[in-house]
Amino acid sequence: MKVKKEALGEPYIIHPLNVAYILASIGLDDATICAALLHDVVEDTDITNEDLVELFGTEIAGMVKGVTKLSTIQFGSVEETQVENYRRMFLAMGKDIRVILIKLADRLHNMRTLKYINRDRQIANAKETLELYAPLANRLGLYAIKAELEDLGFKYLYPDEYHELVEGINKKKDERLKFIQKIMEDIRVQLKKQRIDAEVTGRAKHLYSIYRKMKRDNCTLDQIYDLFAMRIIVNSVKDCYAALGVVHEMYSPMPGRFKDYIAVPKPNMYQSIHTTLLGEKGVPFEVQIRTWDMHRIAEYGIAAHWAYKEANFLGRGKQNVIVTDDKLAWLREALEWQKDLEDPEQFLENLKTELFEDEVYVFTPKGLIKVLPKGATPIDFAYSIHAEIGNHMVGAKINSKMVPIITELKSGDIVEIITSDNSKGPSLDWLKFIKSTSAKTKINSWFKKEKRSENIEKGKELIEKELKRLGLSYEKVFKTDYINAMLNRYKYKDLEEMYAAVGFGSNSPTKIIARMLIEYRKDHKEDEIEEKLEQIAKLKEEKKRYKASNGIIVKGIDNCLVKLSKCCNPLPGDEIIGYITKGRGVSVHRKDCVNVEELLKEENRIIEVYWAEQKQAQYNVDIEIYANDRIGLLADITKTIATTKANIIAVNTRTGKDRMAVIEITLETKNLDELNDILKAVRKIDSVYEVKRKKV
C-alpha cells in the first residue's frame with residue numbers, strides 16, 4: 001500500500017488507531033472499529049473503495065465511503081466542495097448512523113492534535129467544530145464528546161479568553177470544591193435516611209459552557225457560582241422523584257430553573273431532572289438526577305444502544321444501522337429537506353439551524369408533545385403535524401386564546417391550529433418568521449408545485465439575461481454533455497426542473513452557467529472562458545460583501561434606506577429585526593427592544609435583516625455604571641475606557657444622599673464584542689459594583 005501523505009510527521013497508523021480507540025471506549029461494535037481503522041485509506045492511499053468491498057465487505061466499505069472527502073469531482077468553489085462533503089456525509093448517515101460517529105471521533109482526535117498545524121488552519125478547524133461538529137454531537141446525545149470538542153474549539157478560537165478563564169477558575173478551585181463537597185455529603189446522608197440507594201458525584205462544568213454563560217449574561221467569572229454541578233444517580237424513575245423531594249426539602253429551589261427531561265425527553269434521547277438550588281449564603285448550585293440507564297445514554301447518546309440496548313433501528317450482525325426510530329425524527333427530516341436544496345450555502349445555513357440546541361416543547365390539544373426550534377411559531381407547529389394542516393392554516397390558538405400566527409411559542413404552550421378548505425395556501429411572507437427547516441421546505445415545495453410553469457419561464461429569462469451579461473451564446477454553453485453534467489451535479493431530472501429551480505430562487509443562473517463552463521473548459525483551452533469564470537467568481541464575492549447602509553443587509557432588497565433605531569441602539573452582534581416604515585425605509589431594532597412587541601402586531605411590515613461584516617463603522621451605545629462614590633472615580637472610569645480605544649461622546653453623573661453614584665456614558669464602539677470588553681474592563685474598577693447597557 002502506497003501512502004500519499006503522513007500527518008504530523010508521525011506514523012500513518014497513529015491517527016486511525018486513536019479514532020478507533022475513541023469509538024471502542026464508547027462501546028461501538030467491531031465493524032465500526034474496523035471502519036475507523038480504515039477511514040482514511042481511500043482518501044490518503046492508493047486503496048480504492050472496490051478494494052475495501054472485496055477485502056472487508058460492503059458494510060465496512062460503506063462506512064468508509066461515507067466519511068471519505070470528495071476529491072475527484074470539480075466544483076465551482078472551495079465552499080461548494082466543503083458543503084458537498086457535508087451533504088454526502090448526511091446521506092451516508094441516513095443509511096448507517098455509525099458514519100457520523102466515526103466522523104466525530106475523527107474530528108475529536110484532529111482537535112486534540114491541533115497544536116501541530118498553522119494558526120490559520122487552527123482557526124478554521126476550531127470554528128467549524130464549534131458551529132457544526134459539537135452541535136451534531138449534542139444532537140446525538142454524545143455529551144462527553146460534545147464537551148471536549150467545545151473546549152478544544154474554544155481554546156484555539158479564543159486563546160486569550162480560554163487561558164484567562166482557566167486561571168480564574170484555578171484561583172478559587174479549592175474554595176468551590178470545599179463548598180460542593182459539603183453539600184454532596186449532606187445530600188448523601190439524607191438520601192440514606194430515606195433508604196434511597198444513590199451515587200452522588202460532583203463535576204466541574206466544561207469551560208466553553210461557562211464562557212457562553214458569561215457572554216450571554218454579560219457577567220464576570222466571580223458572578224457565576226454554579227461552576228460545579230452535582231449528579232445523583234439512582235436505580236429507578238421512582239427513586240429519581242423521591243431524590244428530588246429530598247433535595248427540595250433540604251434547599252430552596254430557584255424559580256424557573258427546574259426542567260424535567262424524564263417526563264419530556266430531549267429528541268436526542270437525553271433524560272434527567274435538572275434543578276438549581278440555593279445553598280449557604282444564597283449561592284446557587286445545580287443538581288441533575290437520573291437512573292443508571294439514563295446516565296449511559298446521557299454520556300454516550302445514540303452510541304449507548306450498541307452496548308446496552310437491542311433496538312430494531314440498530315440492526316444486528318451484518319445489517320446496516322437504519323435510522324427509523326422516532327427519537328431521531330429530526331435526522332430523517334434533515335435527510336428529506338437536504339434533497340431539495342441545490343444551493344450549498346443554503347444547505348449549510350439550514351444544517352446549522354437544525355443542529356442548534358435550543359428548543360421549545362409544546363403540546364397539541366390532545367396532549368402530544370412537539371419539539372420545535374426556539375423562536376418557532378404556530379406556523380412551524382402546523383407543518384410539524386402535516387403539510388396539509390400548514391397549507392390550509394388560517395389561524396391559531398395558544399392556551400385557548402386566539403393569537404397572531406407569527407406569535408413565538410414557549411415551552412408548555414398548548415397550540416391549536418385553525419384550518420379552512422377555502423384557504424388559498426401559505427404565504428411567502430411566512431418564510432420570514434418560521435424557524436424549522438421542515439416548515440420552510442414544505443412551504444417552498446407548495447410554491448414550486450403551484451407556480452411551476454411561471455417559474456420555468458422566469459428561469460429561462462434569468463439564464464438568458466446572465467448569458468447576455470457575460471457575453472456568451474446559448475449554443476456555445478448549452479451543449480448536451482455540459483447540460484448533462486450540470487443536471488447530474490444538481491440532481492435535476494431535466495432542463496425544465498432546472499429552469500423552475502432558478503425561477504423559484506433555489507439556485508442561481510450564475511451557478512448553473514459556471515457549472516457548464518467548468519465542463520466546457522475541459523474540452524477547450526480558451527483564455528476567454530477563464531476570464532468568464534473569474535468574472536463569475538468576482539461577482540459572487542461582491543454579492544457576499546454587499547453592504548446596506550449602517551452595516552445592515554435587508555433580505556431581498558439591494559438599495560434600501562436603513563435606520564438604526566435610537567430607542568435601543570442596536571450593535572453588530574445583537575439579534576435584530578427590521579420594520580418597514582412609511583416613507584423612511586427600514587428601521588432596525590434589537591429583538592429585546594421594548595417597542596418590538598407593538599411592531600410585531602403589524603406582521604406584514606416585518607422584514608428579515610442581519611449584520612454585514614463591516615470593520616470601520618462606529619455605533620453609539622449608552623451604558624450605566626453604579627458605584628460607591630469616591631475621589632477620582634470618574635477619572636478612573638474615563639481612563640479605563642480610553643485604554644479600550646472607545647470614544648466617549650457624552651457623560652452624565654449623579655450622586656444620591658447615600659453616596660451611591662450613577663454614571664451614564666454614551667460611547668462609540670464597533671460591535672457587541674467590543675462593548676462587552678469595555679463593560680468587563682470598567683467592572684474591574686475599584687468601587688464599581690454594576691455596569692450594564694442602558695435599556696430605554
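1. Ile13 counts as partly exposed because its relative accessibility is 41%, where partly exposed covers the range between buried, under 20% relative accessible area, and exposed, over 50% (1.4 Å probe, protein chains only). This residue sits in the segment before helix H1 (14-25), helices being DSSP runs of H or I with at least four residues and strands DSSP runs of E with at least two, numbered from the N terminus. Together with Leu17 and Leu37, Ile13 makes a nonpolar surface patch of about 230 Å². Such patches consist of residues with over 30% relative accessible area and no salt bridge, with like charges joined within 9 Å and nonpolar side chains (Val, Leu, Ile, Met, Phe, Trp, Tyr) within 5 Å.

2. A word on the basis of these remarks: this is a predicted model, in which local features need pLDDT of at least 70 and side-chain atom pairs count only at pLDDT 80 or more, while totals for chains, interfaces and linings use all residues. Residues are numbered from 1 along each chain as its sequence is written, and side-chain values use heavy atoms, with hydrogens and water left out.

3. As for the whole protein, there are 29 helices and 20 strands, and 49% of the 696 residues count as buried. The accessible surface comes to about 36300 Å², of which 50% belongs to carbon and sulfur atoms; areas of this kind come from the Shrake-Rupley method with a 1.4 Å probe, and for residues only the protein chains shown count as cover. Among contacts (heavy atoms within 4.5 Å) with a separation of 6 or more, residues 24 or more positions apart account for 65%.

4. The largest nonpolar core holds 81 residues, and Leu23, Leu149, Leu165, Ile187, Ile232 and Ile289 are the members that touch the most others. Helix H7 (residues 98-112) gives the most to this core, with 8 residues. A nonpolar core is a set of buried Ala, Val, Leu, Ile, Met, Phe, Trp, Tyr and Cys residues joined through side-chain atoms within 4.5 Å. If residues up to four places away in sequence are not counted, Leu23 touches Leu28, Thr32, Ile33, Ala36, Leu101, Ile102 and Ala105.

5. The count of aromatic pairs comes to 12. The rings of Phe154 and Tyr162 have centres 5.5 Å apart and planes at 75°, so this pair is edge-to-face; the rule asks for rings of Phe, Tyr and Trp (its six-membered ring) with centres within 6.5 Å, and calls planes under 30 degrees apart stacked, over 60 edge-to-face and the rest tilted. Phe154 is buried at 0% relative accessibility, and Tyr162 is buried as well, with a relative accessible area of 15%. Phe154 also pairs with Tyr208 in a tilted arrangement, 5.7 Å centre to centre with 50° between the planes. Because Phe154 lies in helix H9 (residues 143-157) and Tyr208 in helix H12 (residues 207-217), this pair ties together parts that are 54 residues apart in sequence. One aromatic cluster is formed by Phe154, Tyr158, Tyr162, Tyr208 and Tyr211.

6. Side chains of opposite charge can pair when their charged atoms come close. A search of the whole structure finds 17 salt bridges, each being a side-chain nitrogen of Lys or Arg within 4 Å of a carboxyl oxygen of Asp or Glu. One of them joins the side chains of Arg107 and Glu128 (2.7 Å, N to O), which links distant parts of the chain, with Arg107 in helix H7 and Glu128 in helix H8 (residues 119-139), 21 residues apart. Arg107 counts as buried at 9% relative accessibility, and Glu128 counts as buried at 13%.

7. Another salt bridge joins Glu164 and Lys680 (3.1 Å, N to O), where Glu164 belongs to helix H10 (residues 159-171) and Lys680 to helix H29 (residues 672-683), 516 residues apart. Glu164 is partly exposed, with a relative accessible area of 38%, and Lys680 is partly exposed at 27%. By contrast, Lys182 and Asp186, whose side chains also meet in a salt bridge (3.1 Å, N to O), both lie in helix H11 (residues 173-193), 4 residues apart, about one turn of the helix.

8. Finally, Thr276 has its place in strand S4 (residues 273-278) and is buried, with a relative accessible area of 2%. Leaving aside neighbours within four places in sequence, Thr276 is in contact with Ser252, Pro253, Met254, Arg257, Pro284, Phe285 and Glu286.
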